[in-house]
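I opened my notebook to look up aromatic rings first. After that I turned to a helix.

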Amino acid sequence: MKDSYDVVVVGAGGAGMSAALAAAHRGLDTVLIEKSSYFGGSTARSGGGVWIPGNYALRAAGQVDAGDRDEAKRYLDAIVGDVVPKVRRDTYLDRGPEVLDFLKETTPLRFTWVPQYADYLPERPGGRAAGRSVEPVPMDARFLGDELDRLHPPYTKAPANMIVMQADFRKISLGLRTIKGPLTMAKVFLKRLLAIALGRKMYAMGNAIAIGLRKGLSDAGVPVEYDTALADLLVEDGRVVGVVVEQDGARREIRARRGVVLGSGGFEHNQELREKFLPAPTQEAWSTGAASNTGAGLLAGTAAGAATDLLDDAWWGPTIPLPGRAWFCLAERNLPGSIIVNSAGERYMNEALPYVEATHEIYKGQATGVDHVPSYMVFDQTYRNRYVFAGLAGRQPFPGRWYKEGVVTRADSLDALAEKVGLPADALVSTVGRFNGFARSGVDEDFGRGESAYDKYYSDPTVKPNCSLAPIENGPFYAVKIVPGDLGTKGGLVTDEHARVLREDGSVLPGLYAAGNVSSAVMGNTYPGPGGTIGPAIVFGYLAAEQIAATPEKESA
C-alpha cells in the first residue's frame, strides 16, 4: 500500500464500495481499506432491497409515472419531516436514479422490481402500495475468482447456488398453503441443480450487490486493503488529510490529498456505545449487522469535531435471540394466527407493523414502566404446521436447544404456557380470546392489523375475512421470546446533501465525507420501504466522490 492517495475510503460495504467506484471513475487515485477480512459488510448480509424511486428497473416494469418523484418527496416529507433537512431528502430522490444508472454502466449489477412489496407506510401521503423497491438480478460470480472467498459470511446458512429472491421468499414463507409455495421451492431447487451442473456460482440478494460492486472496483483498478482498521483521522489546520490505520499489529498513516470517505458502518457491535446511546435494554448479540461494525468511524469523526445525530435510534426489528445468532422477524409477525404480548400478557401493537415502527412500540412500553423486553410471540400448532418459522419448515420440530435455552416454550394449554413463561394466565387467556374474536370478524378493533397494504404483503391470502388474522385455539401452544434487535444503528455523523461531514455549528469539516450507517440517516427515525438503508448508502457514497472531484485541488490540499 502506498503512503498517499487522492481519496481514502474506509469500509468495504455498500457505501464505501460505491464511493470508491465513483471516485475511481472520476480519475481519482483511490484506495479502499477494510477492517475485516471480507468485503460486503452489512450490505452482503441483507435481503438486497434498494429503495430508490424512479430508477431504471422501476421504469422498465411500468412502475413510474410523471408525478412519481413529486409523490416520493411528499412521502418522505410526511414520514421523515424536519428531523432531516429537506434539501438532503430531496437530493437523495433527485440523484438516486442516476446512481443506479452509473452502477449499471460500471458493474455487472442489474436490478429488477420487487412486485407489490409495499412501501412500509403506504397509506401516508405519497406512499405506494405497489412498492418502489428493487433487488439485484442473480449473478454468476465466477468472474471474481479467488476474491469470492472474501465475500462476507451470510446472515443465514444456505446451500450453494440456492437463489431465493424477495418474491420467492414471500411465497415460500406460506409453506403449503398455496400451490405457489411448493412450486417456488421446486423452481429454486431446479435452478440450483442447473447451476451446479453448469459449474456456476450463483448469488442473489445482498450478496449480489456486494459482488457486483467488488467486480466494479476490480475493473477500475481500486486496491482493497483487508485487515486494515481505522484507528484515527489525521487532522491538520482543521482539515482531515488522511487516516491512521492498524495493520499487522502496527500503526501507519495514509494521507488523502483530496478527501477521506467514511463508509465504516454503525456501532451495533459495540456494547459500550449501545449502552451509552441506545434505549435500554440493549444487546449487541441481538444485532444482525456485520460483526466488524463497532463504531470506529463515529469515534474518529467526533474526535475530529464532527456533529452527530440520531444516536438513540437504529434500523430496529423484533428479533428472536436464537442460540448463537439473532433471527430478524419479518414474515413471522404478519402471518395469521400469532400475536405478540408483553410481560402483562397483553398485546400492545399491530404485530404486522414495519419492523422499525414495531420496535419503537416495544421501547415505548419500557418508557411507560410496562416491561416489553422480552416480549413473546404466541401461536398454536395450526400456525406452526402451516408456515415457515425462523427458517424451519412447517411441522418441523424446533431444535431442543431452543427449548433448553428458553427461547421457545411449549404447553398443552394457554394457562400452562403462561405459567411456564411467567405471564399472568388470566390476562393471556383473555388477550387470546379477544384476539380470536377479531380474527373471526376480520377487524382488529384494538390495533388495526391487516388494514395496511404492508400488513398484507407477508400475510396468507387463503385466510378470510382478514388475511393477517386467524384464531389461536388448537394446542399445543408456543411462546417464542422477542427482543428489540436491529440491522444496524442509524445514528452517526451529520452530513449535508453532498455527504460532507458537518461540525456542531453547521460548518463543513473540510476533507471528511460519510455515507451509510456511519452517518445520521437521511430517513430520520423511520423507514420508507424495503432498501431504505442500502439505497442511501450507495447514493451518498457516490455523491461524496462527486463532491471530492468537483472541489478544486487547492481547496482539498
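Entry one, rings. I found one aromatic cluster, formed by Tyr117, Tyr120, Phe169, Trp315, Phe328, Tyr355, Tyr454, Tyr457, Tyr458 and Tyr527. The model is predicted: local features need pLDDT of at least 70, side-chain atom pairs count only at pLDDT 80 or more, and totals for chains, interfaces and linings use all residues. Residues are numbered from 1 along each chain as its sequence is written, and side-chain values use heavy atoms, with hydrogens and water left out.

Entry two, pairs. The structure holds 25 aromatic pairs (rings of Phe, Tyr and Trp, its six-membered ring, with centres within 6.5 Å; planes under 30 degrees apart are stacked, over 60 edge-to-face, the rest tilted). Tyrosine 92 and phenylalanine 540 have ring centres 6.2 Å apart and planes at 20°, so I noted them as stacked. Tyrosine 92 sits in helix H5 and phenylalanine 540 in helix H18, 448 residues apart (helices are DSSP runs of H or I, at least four residues, and strands runs of E, at least two, numbered from the N terminus). Both tyrosine 92 and phenylalanine 540 are buried (under 20% relative accessible area; exposed is over 50%, partly exposed in between; 1.4 Å probe, protein chains only). I then looked up tyrosine 117 and tyrosine 458, an edge-to-face pair with 5.6 Å between centres and 85° between planes.

Entry three, helix H7. Which residues of H7 are buried? I listed Gly181, Thr184, Val188 and Ala195. On the other side of H7, Leu183, Leu190 and Ala197 are exposed. Just after H7, glycine 199 takes a positive phi of about 75°.
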